[in-house]
Amino acid sequence: MSSVVDAMPRSVSAIALGSLLCLLTGCSPGGSGASSGVDLRETKQLKVLFCNVESGTFIDANQDSVLSVGDSVSYRLAVARLGGVVRGCDQANGSFYGLEEVVERRVLNGETEFLTHAQGTLTFEDGNIQTRSFGSLQPSAAVTPSLKSGSMNLSLGDLFPSNHGATLIGQGGVFSGDVGSADFVSDTPPHALLKLQSQFGS
């Protein structure tokens with residue numbers, strides 16, 4: 001009989017200790033949500049096609065009339081964010097404003113490629129997304145001779161010669177508070193695969 005009586009205080013103490021630990025660590029019934037380490041934030045996955053070049057501008061920083069380190073290229077592209085009724089570039093529904101500063105010149109297999117610090121903004125009716133990356137430019141031979149600051153004829157192939165990644169920051173609308181990453185894919189047409197998640201949680 002005494003063993004049963006002795007066991008009861010120990011059992012009550014264990015329950016009390018367990019309750020205290022739950023209060024301190026934020027236990028919840030079923031172990032779901034933030035207390036179990038599960039990230040409940042919704043991930044937005046988007047595919048954006050780069051459809052055509054609407055304008056391009058060359059800034060010859062050292063005035064040597066060639067594309068070189070320190071020079072910049074800016075451009076505006078028509079884009080199509082796929083989803084709903086939008087299935088391709090014939091239904092473009094946004095723009096991409098890009099600015100790339102040349103930081104290095106490389107020659108690979110006889111072809112010149114310029115590495116850049118690139119930033120841009122995807123604009124849509126329901127919000128904007130800022131992009132930042134190490135990009136590259138590979139202007140065709142017809143573009144590069146005797147360049148002067150001003151309007152520049154560019155093709156999508158000039159702007160997306162190879163694949164690269166980017167970081168993303170939402171800028172208002174449905175993307176407010178979002179951060180994420182993107183894969184820019186050199187294809188026909190070039191496109192970006194975006195993954196965004198709210199930095200504030202749900």
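Colleague: Where is P189 found?

Modeller: P189 is found in the loop between β8 and β9 (191-198), where helices (H or I, at least four residues) and strands (E, at least two) are DSSP runs numbered from the N terminus. This is a predicted model in which local features need pLDDT of at least 70 and side-chain atom pairs count only at pLDDT 80 or more, while totals for chains, interfaces and linings use all residues. Residues are numbered from 1 along each chain as its sequence is written, and side-chain values use heavy atoms, with hydrogens and water left out.

Colleague: And what kind of peptide bond joins T188 and P189?

Modeller: The bond that joins T188 and P189 is cis, with an omega of about -5°.

Colleague: Switching to rings, how many aromatic pairs does the structure hold?

Modeller: The structure holds six aromatic pairs, and rings of Phe, Tyr and Trp (its six-membered ring) pair if their centres lie within 6.5 Å, with planes under 30 degrees apart counted as stacked, over 60 as edge-to-face and the rest as tilted.

Colleague: Why is the pair of F50 and F96 edge-to-face?

Modeller: The ring centres of F50 and F96 are 5.5 Å apart and the planes stand at 65°, so the pair is edge-to-face. This pair links distant parts of the chain, with F50 in strand β1 (residues 43-59) and F96 in strand β3 (residues 94-108), 46 residues apart.

Colleague: Is F50 buried or exposed?

Modeller: F50 is buried, because its relative accessible area is 0%, and F96 counts as buried because its relative accessibility is 4%; buried means under 20% relative accessible area, exposed over 50%, and partly exposed in between (1.4 Å probe, protein chains only).

Colleague: What about F160 and F184, how do they pair?

Modeller: F160 and F184 form a stacked pair, 6.4 Å from centre to centre with 10° between the planes. F160 sits in the loop between α2 (156-159) and β7 (164-173) and F184 in strand β8 (residues 178-185), so that this pair too links distant parts of the chain, 24 residues apart. Both F160 and F184 are buried. F50, Y75, F96, F160 and F184 form one aromatic cluster.

Colleague: Which residues lie nearest the centre of the largest cavity?

Modeller: Y75, F96, E100, A118 and H164 lie nearest its centre, out of 16 lining residues. On a 1 Å grid over the protein atoms alone, a cavity is a set of points where a 1.4 Å probe fits but cannot get out, and lining residues have an atom within 4 Å of a point. The largest cavity has a volume of about 90 Å³, a volume being the space filled by probe spheres set on the points, which are joined across faces, edges and corners.

Colleague: Which strands each supply at least two residues of that lining?

Modeller: They are β3, β4 (111-124) and β5 (127-137).

Colleague: Last topic: which residues does K47 touch?

Modeller: Leaving out residues up to four places away in sequence, K47 touches A80, R81, L82, H191, A192 and L193, where contact means heavy atoms within 4.5 Å. K47 lies in strand β1, and K47 is partly exposed because its relative accessible area is 34%. The C-alpha atoms of K47 and L82 are separated by 5.8 Å, although these residues are 35 apart along the chain.

Colleague: And what is the phi of Q63?

Modeller: Q63 has a positive phi of about 55° although it is not a glycine. Q63 lies in the loop between β1 and β2 (72-81), and Q63 counts as exposed because its relative accessibility is 68%.

Technical notes
1 Å grid on protein atoms, 1.4 Å probe; cavity = no way out; pocket = protein on both sides within 12 Å on 5 of 7 lines; lining within 4 Å.
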